[in-house]
Every structure is written in C-alpha cells, then in structure tokens.
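This briefing concerns the pockets of one protein model. Please view the sequence and structure below before reading the points that follow.

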Amino acid sequence: MMKKYLKDYLKKITGRDDIIIDMPPNPNMGDYSSAVAFQIAKERGDNPVNVAKGIVAECNKCLPERIDKITTMGPYINFFINTELYAKSVLQMIFEQDESYGMLESKNQRVIVEHTSVNPNKPLHMGAARNSILGDCIARVLRVAGYEVEVENYIDDLGIQFAEVFWGIIKEGDNADEKYDHFLGKLYIRVHEQMNPEIEEDIKKLNKELEDPSSKNAKLARSVVERCVASHLESLNALNIGYDVLVWESGIVHAGLFDETFRRLRKSKDIVLEKDGPLEGCLVMKLGRIFPNMKNPDKVLIRSDGTPTYTAKDIALQMWKFGLLDKDLKYRKWDENTMTSSLDGEAFDFGNADIVINVIGSEQSYPQEVVKLSLKLLGYDKQSENSFHMAYEFVTLPNDSFSGRRGTWIGYTLDDVINAGREKAIDELDRRRPELSDIMKQKIGNALAIGSIRYNIVRYAPEKKIVFRWEDALNFEGDSCPYIEYAHARCCSILKRAKGKRTPSYRYEHQKERELIKTLSQLSGVVELAARDKRPHYITKYANETAIAFNSFYNELPVLKSEQVDDRLALVDATRIVLANCMRLIGIEPLEEM
RNA sequence: GGGCCCGUGGCCAAGUUGGAUAUGGCGUCGGCCUUCUAAGCCGAAAAUCCCGGGUUCGAAUCCCGGCGGGUCCGCCA
C-alpha cells in the first residue's frame with residue numbers, strides 16, 4: 001500500500017507510469033527506493049546521478065506529510081517515510097479488520113480448484129498429499145484474494161487402476177482388517193505380483209463391465225470406491241482439507257455430459273474422424289499445427305471401438321466446469337460439508353466457473369495443454385485462457401519413487417506421517433511442557449504435526465522436486481511451522497498478561513519496531529501475488545519473515561516492562577493477528593500456547 | 001528427435017516482470033535463560049549463483065549455445 005502511494009507520487013513528479021518501488025538492501029538507507037533515474041538518464045542521455053538529484057530536488061519543494069525525507073545514494077532515490085503516520089494507519093487497519101486483514105476486495109468471479117483426484121485403489125502417500133496440500137492452500141489464498149472458490153475432487157471410478165484392485169476384491173474377498181485404503185493398496189500390490197496377460201484381459205473385461213451401472217458388479221464396485229474415498233477424506237480431514245463437491249467420472253459419462261462434448265468436438269475442423277491409416281476409425285485431434293515437432297501430433301480422443309480416451313473425458317470435465325454444456329450433473333449430500341455427484345440426486349449450482357485451476361502433477365502438462373487447447377478449438381477462447389494447470393513436481397524417496405504397484409509407499413503414507421508427527425510433537429511437549437495436561441498435549445501436538453506436514457510441503461516452490469526425509473517432513477526448528485506458532489504463542493502470552501486499556505501513541509523509534517511494522521503492512525500484497533502467480537509458498541515465506549521480525553524485536557525490546565507499553569502491546573497484538581491470518585492461509589491452526 | 005521443469009555456501013531452499021553488499025534454514029564454531037515461552041536470540045566461518053558466449057550503465061534473473069538431472073510426446077491409464 002505504501003509502494004502504490006510512492007509509485008503514484010513519483011508518477012506525479014516524473015510523469016512515468018512504469019516506476020518500480022523496491023526496498024533498499026539496508027534499512028539505514030531508507031524504507032523504500034526507486035531506480036527510475038537509470039531509465040530516465042538513458043532516454044535523455046544524461047547522468048543517472050544528476051537525474052536522481054534533480055528528481056529529489058523537485059520532490060523536496062513540497063514534501064508530502066507521509067514522507068519524512070527523500071535522499072539520493074548515487075543514482076538511487078531512497079524514501080524515509082513518516083513512521084508515526086505510517087504505523088498508525090497500518091496498525092489501525094489491522095485492528096479494525098482483524099481476521100479479515102489481508103483480504104482483498106471481491107473479484108466477483110468463481111474459481112473451481114480441482115485437487116487430490118487420486119485413484120481410489122490405495123492410500124495417499126506423500127506425493128499425493130502434496131497435491132492436496134497445494135490445492136487446499138491455493139483455494140484458501142484465492143478466497144482471501146476475493147474469489148468465490150469451489151473445491152472439487154474428481155473420483156476416477158471407471159479407471160483401469162480401480163478395476164485392477166476390484167479384480168482382487170472379487171478373487172480374495174472384501175475382508176479389510178485395517179483402514180480401508182491401506183487394505184486396498186496392499187491388495188493392489190498382490191494383484192500386480194501375479195499379473196499376466198490372461199489376468200490383464202480379465203481386468204479389461206471387468207473394467208468394461210463396470211461402465212454399465214446396471215451390471216452385476218457395479219453396485220459392489222461403487223461401494224468399494226465409496227469406502228476408499230471415505231478413507232481418503234478421513235486422512236485429508238485430519239489435515240484440515242475439505243471439498244465442496246466430489247465429481248465422479250461415472251457421473252460425467254452417465255449423465256450424458258460426455259456424449260454432448262463428443263458431439264461438439266466433431267464439429268471442430270481440427271478434430272477429424274480418420275478414414276484410413278493406422279488411426280482408421282478414431283476421432284483425432286490434430287496438434288501438428290501447434291506442436292510442429294511432435295513425434296505423434298495426432299491425439300486420439302475416441303478410439304476405433306468407440307470408447308473415449310482419458311483426454312477426451314478431461315475435455316468433457318473441463319467443459320462442465322465452465323458451464324459450457326447443456327446437460328448437468330445431479331448431486332446428493334456426501335457428508336456434513338461435502339456434496340457428491342449422483343445419478344439420482346438433485347440439481348445444484350456447481351460448475352459455471354469463470355476460472356478453472358487443475359492441481360495436477362507436472363508430468364501431465366501435455367494432456368492439460370491439450371484440454372486447454374481443445375476449448376480454443378471449440379471457440380471458447382476466454383475459457384481456454386482461464387484454464388490453468390497448477391503443476392507441481394513429485395515427492396520421492398531418497399533412492400526411489402512412490403509406486404502403487406511396487407508398494408514403495410508402505411511406511412510413507414499420509415497416515416503414517418501424521419501419526420509419526422503427532423508422536424514426535426507430543427514427545428517434545430513432554431520434555432518442554434511437562435506441566436501441561438494430556439488433553440492439551442494432544443491438542444497442541446496434533447496441531448503442530450498437521451501444521452508441520454503442511455508447512456514443509458508448501459514452503460517449496462511447486463516446480464521443485466521434494467525428497468522425502470523424516471527429519472525435513474517433521475522439522476520443528478528454524479524455518480518451520482512451530483517457529484511461526486511459537487512467535488504467535490509468545491504474542492498471545494504477552495497479551496494475556498497485559499491489563500487495562502491501551503492508548504498507543506504510534507511513535508516507534510527503534511529499528512526493530514519499524515522493521516516489524518513494515519513487514520506487517522505487506523500481507524495483502526503477498527496474498528495478491530500468491531493468488532496471481534498461484535504460488536502458495538509466498539505465504540510461508542512471508543509468515544516466516546514476519547516471525548523473524550517479531551522474534552528479533554521480542555528479544556531486543558521489553559514489552560510489558562517498557563516505558564512505551566501501550567505502543568509495544570499494539571505491535572504485539574498486530575503481529576498476533578497477522579501471524580494467525582497467515583497460518584489460516586496455510587491451513588495451520590493458530591495456537592495460543594505451546 | 002522435440003516440448004516442459006530443475007541446477008544458488010557441506011546439505012535444503014528463497015530470490016528469476018534486470019538494480020545497490022545474493023536471503024533464510026539445517027549442519028559447524030563462539031556467545032545469551034535471576035526480565036514477557038531458549039521450538040528462541042546474537043555473532044563467526046562457509047558461494048566460480050552448472051559451463052561458455054551475448055545484450056545492458058547494471059545479469060542469479062533476459063537471449064544464444066552447451067553440460068547434468070527429471071518428465072512428457074501410446075487407440076495405455
């Protein structure tokens with residue numbers, strides 16, 4: 001907000017629209033800075049140092065109230081802002097908006113975020129958890145950034161991977177003696193251990209059969225998928241992750257959404273029915289024009305036997321998300337907070353999005369590109385532009401990848417990591433806070449475990465591969481969830497001890513105070529960028545910076561025993577609010593003590 | 001063959017709409033609990049920002065060419 005003010009101010013002085021306001025490397029050099037003098041000097045063939053001096057001289061003719069001093073340092077222009085006015089405006093805004101501080105004004109746009117969408121045949125491992133955590137965080141960020149957000153989980157109940165495990169159920173029976181998704185995951189490994197061409201053929205037949213909802217196995221299959229999904233949602237719910245709606249692949253197909261999409265696709269001139277050649281009888285999307293160097297530029301949408309490919313179904317799903325189809329899904333309640341698509345349900349206002357974000361691994365960027373492109377080929381330019389693939393890299397083991405078939409996920413499921421996290425957190429509490437009641441230890445330990453798992457995933461940029469290591473995944477020191485929580489708990493602890501009404505003067509002289517205020521003022525800017533770039537790690541970064549600024553302040557300056565108790569308490573309270581708001585954006589429960 | 005992503009102190013990362021002395025964490029070394037929570041704070045050592053060219057007053061950041069790692073390019077799912 002100060003940056004924008006300074007930008008407008010410099011625009012008035014220089015007449016330029018492209019001014020970037022930075023921060024100087026050292027706070028002694030000023031609060032904000034600009035390097036415009038370089039640009040102007042270049043255009044005029046002048047010396048940037050003189051240009052900067054000229055601008056500052058112009059500014060100094062009539063300095064606005066909010067700016068104390070403007071100086072040059074070589075060609076750089078540095079601003080020293082009026083701390084009293086600045087502190088007052090920042091802190092008052094924080095207190096006034098409280099939990100809404102950082103929230104941006106409504107964009108009047110609906111965003112669908114699809115995330116998780118894991119095959120219902122095994123438990124979630126940490127790679128899948130990265131998807132859900134990133135998706136949940138970006139959904140939280142977008143809500144605060146002023147979007148109406150609808151969170152969707154796509155259930156691939158017609159995929160071959162499910163058919164494989166279902167074949168195992170038919171053969172071995174449905175006798176789960178542990179959490180259902182874990183049971184299925186291990187069964188899936190056993191199926192692959194005995195896999196041969198004959199079994200493969202059986203499974204294909206079974207898969208085909210399951211597409212018909214009236215077939216003899218369809219009912220059992222549906223209940224198996226539902227139990228697996230319920231198992232997944234139980235783990236995810238523990239991580240504070242929820243959904244507005246579950247969309248079933250079978251729903252998309254049986255409600256006729258796919259057929260409608262198929263009819264539309266046939267009308268596009270870039271999508272043709274091959275009359276001869278190796279793809280005879282297939283409906284093919286011609287991509288050679290856009291991807292000229294592709295080994296195989298023809299993307300099959302409908303196979304010669306009339307069945308749709310994955311990509312074709314994804315196009316139908318994307319069309320539904322944007323509300324481009326005449327037909328619609330029906331829904332019923334899944335649980336307290338979540339609806340599910342259902343053939344015998346009722347109409348509901350899901351879909352019809354302005355923007356669609358699909359959180360899917362980066363290995364799928366080509367099919368996602370095809371989906372985006374297909375909307376363009378169908379004439380939906382705006383929807384194509386508003387289709388975003390939020391890509392992220394794998395989580396791997398130090399020497400292996402997570403594989404469902406080979407079962408390398410065993411020992412590294414989300415449930416395993418949550419349990420280990422709780423155990424570790426409670427051990428720490430036993431050591432550090434022996435006087436706490438067991439109930440409090442459970443509560444705090446759980447929040448720290450969940451928070452740490454989430455924090456240690458989101459803090460990496462999505463395009464970075466993560467190697468899973470226990471000491472990183474459950475790191476409690478340094479740049480970590482407990483570090484943020486700790487700063488927050490310290491704020492709460494001080495505030496609990498403070499008595500009486502506060503009447504701050506907003507006079508802050510100390511460098512640590514000024515730094516902290518400056519940091520606190522930046523939340524909404526960070527939210528804006530995180531939403532724009534779809535990069536939730538900006539939030540963890542900022543939360544960490546805020547906690548650093550606070551801890552540094554805390555260690556150097558007394559609050560309750562200071563002459564300026566009221567001013568310092570105001571800072572502590574404002575920090576508490578900002579940290580809590582950051583934690584909510586990351587999906588971490590703010591703790592008042594730990 | 002081509003597309004996309006990654007390469008930053010011993011390790012892990014941030015920074016990539018060009019801007020001042022490259023920022024954190026882990027680890028190492030040295031300090032700080034008789035004052036608001038030491039899961040903390042202060043300080044030190046530690047970097048050819050993968051390599052080579054180019055553009056620019058200025059490059060970790062942009063362009064070209066390499067190298068190394070990952071991934072994708074099936075009528076699979």
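The largest pocket of this predicted model has a volume of about 970 Å³. A pocket is an open set of points on a 1 Å grid over the protein atoms alone, where a 1.4 Å probe fits, with protein on both sides within 12 Å along at least five of seven lines. Its volume is the space filled by probe spheres set on the points, which are joined across faces, edges and corners.

**Largest pocket**
- Lining residues, which have an atom within 4 Å of a point, number 37 here, and S117, N119, E363, Q364 and Y392 are the closest to the centre.
- Two or more lining residues come from each of α5 (126-144), α12 (310-321), β13 (355-361), α13 (365-377) and β15 (395-396); helices (H or I, at least four residues) and strands (E, at least two) are DSSP runs, numbered from the N terminus.
- The largest share, five residues, belongs to α12.

**Second largest pocket**
- The second largest pocket holds about 750 Å³ of space.
- Its lining has 24 residues, and M1, K3, Q522, G525 and V526 lie nearest its centre.
- The helix α20 supplies the largest share of this lining, six residues.
- This pocket lies between domain 1 (2-81) and domain 2 (414-585), because both give residues to its lining; the domain bounds come from an automatic or database domain assignment.

**Basis of the values**
- Residues are numbered from 1 along each chain as its sequence is written, and chains are lettered from A.
- Local features need pLDDT of at least 70, side-chain atom pairs count only at pLDDT 80 or more, and totals for linings use all residues, while side-chain values use heavy atoms, without hydrogens and water.
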